[in-house]
Amino acid sequence: MTTGTVPLTRMRWWHVPGVMELEDELFGAEAWSPAAYWNELAETATRHYVVALARDRVLGYAGLAVYGDEAHVLTIGVATAAQGRGLGTALLRDLLAAAGDRRVLLDVRADNEVAQRLYRRHGFVPVGRRRGYYQPSGMDAVVMARD
């Protein structure tokens, strides 16, 4: 899949350093660890991860877990400099295509209205809240679902 001039490709182990740069930029103390990504990429039967590359630089990434008749958006990140150009939409659409007809769930920071708007535009609705979910900040997560 391609968005504008930024192609999406399956995430591989050699993309992890670039993903980690964005994790640190976007999520700071709440960033996933390299080991978390290594473990996710090893779960080939239930995971779908993609990266958006421009000149071999990771501009965005996304991950999905699929279990039976449900799928869970695990992460989506877009470099600050690349935001507002449709890359988040392209990443989400790729995950939704991989989910097929399954119900899709996700957690999003309660204070991330931009992401919540993106998800609502794609048919997600709030179905719950996880108090203090994000650590170390203690920010709540809004649970959203798309049937």
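A: Helix H3 passes helix H4 in a right-handed crossing. The handedness rule is that a crossing is left-handed if the near helix is turned anticlockwise from the far one by less than a right angle, and right-handed if clockwise. The model is a predicted one, in which local features need pLDDT of at least 70, side-chain atom pairs count only at pLDDT 80 or more, and totals for chains, interfaces and linings use all residues. Residues are numbered from 1 along each chain as its sequence is written, and side-chain values use heavy atoms, with hydrogens and water left out.

Q: At what angle do the axes of H3 and H4 cross?
A: Axes are lines fitted to C-alpha atoms, for helices over the stretch in contact, and angles run from 0 to 180 degrees between N-to-C directions. Helices (H or I, at least four residues) and strands (E, at least two) are DSSP runs, numbered from the N terminus. Here the axes of H3 and H4 (residues 113-121) cross at roughly 50° and come within 11 Å. Angles under 35 degrees count as roughly parallel, over 145 as roughly antiparallel, 65 to 115 as roughly perpendicular and the rest as oblique. H3 and H4 are therefore oblique to each other.

Q: Which residues of H3 and H4 make the contact?
A: Contact means heavy atoms within 4.5 Å. H3 contributes Gly88, Thr89 and Leu92, and H4 contributes Leu118, Tyr119 and Arg121. For classes, Ala, Val, Leu, Ile, Met, Phe, Trp, Tyr, Cys and Pro count as nonpolar, Asp, Glu, Lys and Arg as charged, and the others, Gly among them, as polar. The contact of H3 with H4 has three nonpolar, two polar and one charged residues.

Q: How is the packing of H1 and H2 described?
A: Helix H1 (residues 16-27) packs on helix H2 (residues 34-42) at an angle of about 130°, and their axes are 10 Å apart. That angle makes H1 oblique to H2. The crossing of H1 and H2 is right-handed. On H1 the contact is made by Val16, Val19, Met20 and Glu23, and on H2 by Pro34, Tyr37, Trp38 and Leu41. By class, this contact of H1 with H2 has seven nonpolar, no polar and one charged residues.

Q: How many aromatic pairs does the count come to?
A: Rings of Phe, Tyr and Trp (its six-membered ring) pair if their centres lie within 6.5 Å; planes under 30 degrees apart count as stacked, over 60 as edge-to-face and the rest as tilted. The count by this rule is seven aromatic pairs. Trp13 and Trp38 form a stacked pair, 6.4 Å centre to centre with 25° between the planes. This pair links distant parts of the chain, 25 residues apart: Trp13 is in the loop between strand S2 (6-10) and H1, whereas Trp38 is in helix H2. Leaving aside neighbours within four places in sequence, Trp13 is in contact with Trp38 and Leu41.

Q: Is Trp38 buried, exposed or partly exposed?
A: Buried means under 20% relative accessible area, exposed over 50%, and partly exposed in between (1.4 Å probe, protein chains only). Trp38 has a relative accessible area of 44%, so this residue is partly exposed.

Q: What geometry has the pair of Tyr37 and Tyr61?
A: Tyr37 and Tyr61 are edge-to-face, with 6.1 Å centre to centre and 85° between the planes. Tyr37 lies in helix H2 and Tyr61 in strand S4 (residues 57-67), so the pair ties together parts 24 residues apart in sequence. Both Tyr37 and Tyr61 are buried. Ring pairs also link Trp32, Tyr37, Tyr49 and Tyr61 into a cluster.

Q: Where does Ala82 lie?
A: Ala82 lies in the loop between strand S5 (70-78) and helix H3 (87-99). With a relative accessible area of 5%, Ala82 is buried. Not counting residues up to four places away in sequence, Ala82 touches Leu59 and Leu87. The C-alpha atoms of Ala82 and Leu59 are separated by 6.7 Å, although these residues are 23 apart along the chain.

Q: Which backbone values deserve a check?
A: Most residues other than glycine have a negative phi, and most peptide bonds are trans. Arg55, in the loop between strand S3 (47-54) and S4, has a positive phi near 55°. Asp56, found in the loop between S3 and S4, has a positive phi of about 65°. Arg55 counts as exposed at 85% relative accessibility, and Asp56 counts as exposed at 75%. The peptide bond from Gln135 to Pro136 is cis, with omega near 15°.
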